[in-house]
Structures are given as C-alpha cells and as structure tokens.
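Here is a short report on aromatic contacts. Look at the rings first, then at how they pair.

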Amino acid sequence: MCPGGETLSAYLDNEVEGPWKKVIEEHLTLCLSCKHKIDEMIFTREQLALESAPDFRASQERGRSYLAGLNSIEQVSFWRRRVALPLPAAAAAVLLLIILGFSTLLLSLHTDYRFMSIRTQPSGSSEVLVTAPIDDLERILKSLELNSSRQEIIIQLPKELNFFVVGEAEMFRAAEYKRNKVW
Amino acid sequence: MKIDQGLFEEAYETLYPLIHKLSYHITGDVEQAEDLCHEAFIKYFERKKPLPDINQTKYWLIRVVKNISLNYEKKKFRQRKAIEKLKRSAPLTADSAEHEYIKKETISRIQRALDKIPYRLRMAVVLKEYAGLNYKEIGAILGISEGNVKIRIFRARQRLAQILKEETEHVSWR
Amino acid sequence: MVKRISVLILLVMAIFRGNAQEIELEEALRPILDEALQLNIIARVLPLGTEQEWNMRSSKLTIPGRSIAVKLLGENIRIFVVLTPYWQENGKLLLVAQGEVLISEMAESEVKYLSTVKSIPISLGEKVLFFPLGVSRELRKSFNIELEIEILSYKDLLEKSAD
C-alpha cells in the first residue's frame with residue numbers, strides 16, 4: 001500500500017513520526033513510483049531553494065532612514081498614512097489639513113510639524129504622506145471633528161447586518177455614477 | 001511609554017533580511033515587497049511594547065506580513081482583472097499592460113510559478129521553504145491545523161511542479 | 001425654521017466666541033447667513049438583489065470651511081465621515097470627504113482601520129455619492145453603504161420658501 005502524496009511531502013519535511021518514518025523509508029527503497037514522486041518533490045524544493053530574493057540592503061537602509069525620520073519627531077510613537085490622490089485632490093487635502101489643522105489647532109499646540117510630504121508619481125497621481133506623533137494626529141482629527149461647535153450627525157445602521165470593505169472609499173457625482181451603472 | 005530602542009534595532013537588523021525575502025516571494029514584486037516589509041516594521045514599532053525575544057518577534061512580524069499581504073493580493077487580483085478588461089475593450093491602450101509584462105519578464109521563472117499558484121498555497125510553501133518553519137509554526141501563523149498545512153504544502157508542490165514542467169515543455173517546443 | 005436659525009446663531013456665537021460681546025449679532029449674522037450652506041445627507045444601505053433599501057436622511061447647516069461629521073454605527077462597523085465644503089476661486093464648491101472606518105470582519109478577530117481623503121468639485125444642488133467601504137460591482141453578498149450628499153445655498157432656500 002503506497003502512502004499518499006501528502007504523507008510523502010510531509011516525510012520530506014521531516015514531519016512524519018518515528019515508526020511511520022521507518023515504514024516510508026523502507027517503502028521508498030521498494031516502490032519505484034513513490035521514489036519517483038518524492039524525487040520530483042525534492043527537485044521542486046531544490047529549485048525553490050536556488051531562487052534568491054533581490055538584495056535587501058538598499059531597502060533596509062531606506063526603511064531605516066524612514067524610521068529614523070519618524071523617530072526624530074520627538075515622540076517615539078508615530079502614525080503614518082498614505083493616501084494616493086490625483087493632484088488637485090492632494091492639493092485640497094493639504095489645504096484642508098493646513099487650514100483646519102494649523103489655524104484651529106496647531107497654534108494652540110506650539111509644536112513643530114514636519115508631518116507632510118507630497119510625492120508625484122510617474123502615473124500622474126500624487127502621494128501625500130502624513131506623519132505625526134499619534135497623540136497629535138488624534139488631536140488634529142478631533143479638531144476636524146469638533147471644530148469648536150459640534151456639527152455631528154449620528155446614524156445607527158440597521159442591526160444584524162455585517163458590513164465588508166470591498167475596496168477603497170470612492171466619491172462620484174451622482175449623475176456620473178448612475179451613467180456608469182447603465183453600462 | 002517608550003519603546004526599547006535596543007530591542008527594536010536588534011529586531012530590525014536581524015529580521016529584515018528574512019521579512020524582506022518572505023515579502024518578496026509572497027508578492028513577487030520588489031517594490032511591493034519593500035512596502036510590505038516597511039509596513040510590518042512600522043507596525044512593530046507602533047506596538048510600543050517590544051516582544052521579549054527575537055523568535056517571538058519573528059513570528060509576530062511574519063503574522064503581520066501575512067495579514068497585510070492579503071490586501072496586496074486582493075488588490076493585485078483587481079488590477080489583473082482591470083488589465084484584462086482594458087485589453088479587451090481598448091487594445092490601443094495596452095501600453096501599461098505591456099509594461100507590466102516586461103516587468104514580469106525580468107522576474108525569474110520560479111517566482112513566476114509561485115505567482116501563479118493560489119495565495120493560500122503560496123503562503124504555506126513560502127513559509128516552509130524560505131522561513132524554514134515547521135508545520136506547527138506555520139499552522140499557528142496561518143490559523144489553520146497542522147493537517148491543513150500538510151495538505152497545502154503538498155498541493156503547492158504539486159502545482160509548482162506542474163507549472164514548471166509545462167513551462168519547460170513550452171520552451172523546448174520553440 | 002426657528003430651529004435652523006437658532007443653530008446658525010449658535011454657530012456664529014461659536015465663531016466669535018472670544019469677542020462676542022463687542023460684535024453686534026445682527027451684523028455678524030448677515031454675511032454668515034449669505035454664505036451658509038445646507039448639507040442634505042442621505043445614508044443608504046444598498047439593496048441586496050430586490051430587497052428594499054434602507055435609508056436615513058439628515059440635514060445640517062454650515063459655512064464653507066467648516067466640517068460636518070457623520071457617524072455611522074453598525075454591528076461590526078464604525079464609520080466616521082467628515083464633510084467639508086469650500087468655495088473655490090472658479091465659483092465652484094469643493095467637497096472634501098475624509099473617511100475613517102473601523103471594522104471587524106467576521107472571520108477575523110482583528111479590527112481593521114482604514115482612512116481616506118477624497119475631494120470633488122461640484123456645483124450647488126449637485127448630488128454626490130460617497131462610498132466609505134468602496135464600491136462593489138460583483139460582490140452581491142455584502143451590504144454596501146452609500147452617502148448621498150447635496151449642498152444647497154441656505155440663502156436660496158430662504159428666498160424660495162419666502163416666494
């Protein structure tokens with residue numbers, strides 16, 4: 001009786017218990033078909049082993065300087081967010097943060113902020129990188145939320161429904177979206 | 001609370017090569033691997049409480065890579081579908097698809113084969129072959145039983161062997 | 001209407017909190033009233049096949065540059081959307097929507113956090129749809145959430161109701 005492929009594969013990984021291991025070993029000396037199967041697995045494994053990943057050092061250095069940059073914002077904890085936006089939207093987002101963040105909040109915090117950078121991608125969209133100590137960002141978000149007089153709508157979603165994230169948040173003009181739907 | 005700089009440095013120094021390697025073999029893309037890797041370490045940094053030893057840190061980071069890479073995988077799937085759709089609807093704008101193809105060409109045939117097998121099989125075999133973990137450890141990271149790990153690794157090997165074989169035949173016919 | 005005006009007064013008071021005493025309320029109210037915008041918001045849970053959609057309507061007054069927060073609270077999800085309208089130089093509005101989502105998806109015990117900033121130039125009265133969880137065209141299984149936002153000039157509304 002030949003062992004199944006899974007057992008052979010596990011045997012190769014040294015994951016078969018003592019007595020069974022012996023049985024398989026013996027079987028392999030007798031059964032050509034199983035010997036062939038396991039040789040094929042060994043071959044695949046060797047090919048995988050020969051495959052080397054690209055050099056990591058440059059990437060490690062980039063990561064290190066990035067982390068060091070974050071670390072130098074006095075506090076050790078940090079928060080990082082990446083949002084890919086088309087340029088006008090990026091400008092708007094920056095504007096939003098500058099107007100709301102700086103004017104209403106930062107004045108009262110007396111902190112040096114170097115938390116935003118914009119990188120333009122070759123594809124034309126740009127990336128806004130927001131980095132700030134987490135406590136302060138929470139305060140920024142709070143200020144966006146509160147803005148001195150609280151204008152808030154709380155909506156209870158229907159119960160016993162589970163929601164799922166299906167992609168990035170999106171925003172359309174209603175007219176254009178309906179047209180897309182018709183397609 | 002302050003994070004222990006020494007412990008973090010040590011983890012970064014020691015584990016970056018492994019995490020980078022795993023990220024690369026899972027995503028099959030150098031840039032994505034770097035992003036994934038950085039994201040994982042940032043998450044570790046954000047933990048504030050460093051894990052007491054390097055081994056636990058390793059498992060923790062691998063688990064994070066596994067979690068984030070699933071999002072990459074979903075995104076890749078959507079992109080692939082979008083490219084296919086683009087190709088069908090507008091052959092003239094297939095420039096970017098072609099670019100994608102050329103980029104893929106520079107990736108080795110082994111990595112390409114890994115790319116072709118389903119994510120859950122790839123994840124298991126990568127953790128086995130490139131992180132040298134045993135079934136128990138892999139099971140713990142993926143949240144599945146050892147028996148399941150055994151099956152996934154076997155199927156991954158089967159598929160990889162088949163893909164590599166087909167490719168060889170294809171080449172020899174030309 | 002009385003309620004609305006009182007909201008506006010509160011708003012004005014809030015803005016001029018520091019030196020409220022020196023400023024004549026009437027005087028301050030005029031430019032603000034002229035500028036005030038009404039945001040009509042409909043939150044919808046998109047239908048599953050033929051089922052009836054679920055929706056909830058709400059309106060808020062604001063002025064350009066001031067945000068309105070919408071919190072959507074569900075069984076496994078908290079969505080927090082901050083909507084801010086701005087006037088642009090070309091006379092159009094720019095609506096900036098900042099979305100934050102905290103979600104625990106069934107199989108996973110972890111809570112996911114997502115955040116985005118989106119913006120769109122629009123005209124008064126134009127309707128905008130915001131999908132904080134993304135748009136699903138294939139996944140019919142999940143319920144999706146949509147916010148329909150319409151921005152109107154409060155002054156126009158007042159004039160219309162006076163006619």
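Buried means under 20% relative accessible area. The model is predicted. Tyr16(B) has 0% relative accessibility, so Tyr16(B) counts as buried. Phe41(B) also has a relative accessible area of 0% and is buried.

**Aromatic pairs**

A pair of aromatic rings is described by the distance of the centres and the angle of the planes. Rings of Phe, Tyr and Trp pair if their centres lie within 6.5 Å. The count comes to eight aromatic pairs over all chains. Two of them are set out here.

| Pair | Centre to centre | Angle between planes | Class |
|---|---|---|---|
| Phe8(B) and Tyr44(B) | 5.7 Å | 15° | stacked |
| Tyr16(B) and Phe41(B) | 5.6 Å | 20° | stacked |

**Links between helices**

Phe8(B) lies in helix H1 (residues 5–27) of chain B. Tyr44(B) lies in helix H2 (residues 30–46) of chain B. The pair therefore ties together parts that are 36 residues apart in sequence. Both Phe8(B) and Tyr44(B) are buried.

Tyr16(B) lies in helix H1 of chain B, and Phe41(B) in helix H2 of chain B. This pair therefore ties together parts that are 25 residues apart in sequence.

Which residues form one aromatic cluster? They are Phe8(B), Tyr12(B), Tyr16(B), Phe41(B), Tyr44(B), Phe45(B) and Trp60(B).

Note on methods:
Residues numbered from 1 in each chain as written. Chains lettered and ligands numbered in written order. Predicted model: local features only at pLDDT ≥ 70, side-chain atom pairs only at ≥ 80, totals over all residues. Heavy atoms only, no water. Phe/Tyr/Trp six-rings, centres within 6.5 Å; stacked < 30°, edge-to-face > 60°. Helix = DSSP H or I, 4+ residues; strand = E, 2+ residues; numbered from the N terminus. Buried < 20%, exposed > 50% of the residue type's maximum accessible area, 1.4 Å probe, protein only.
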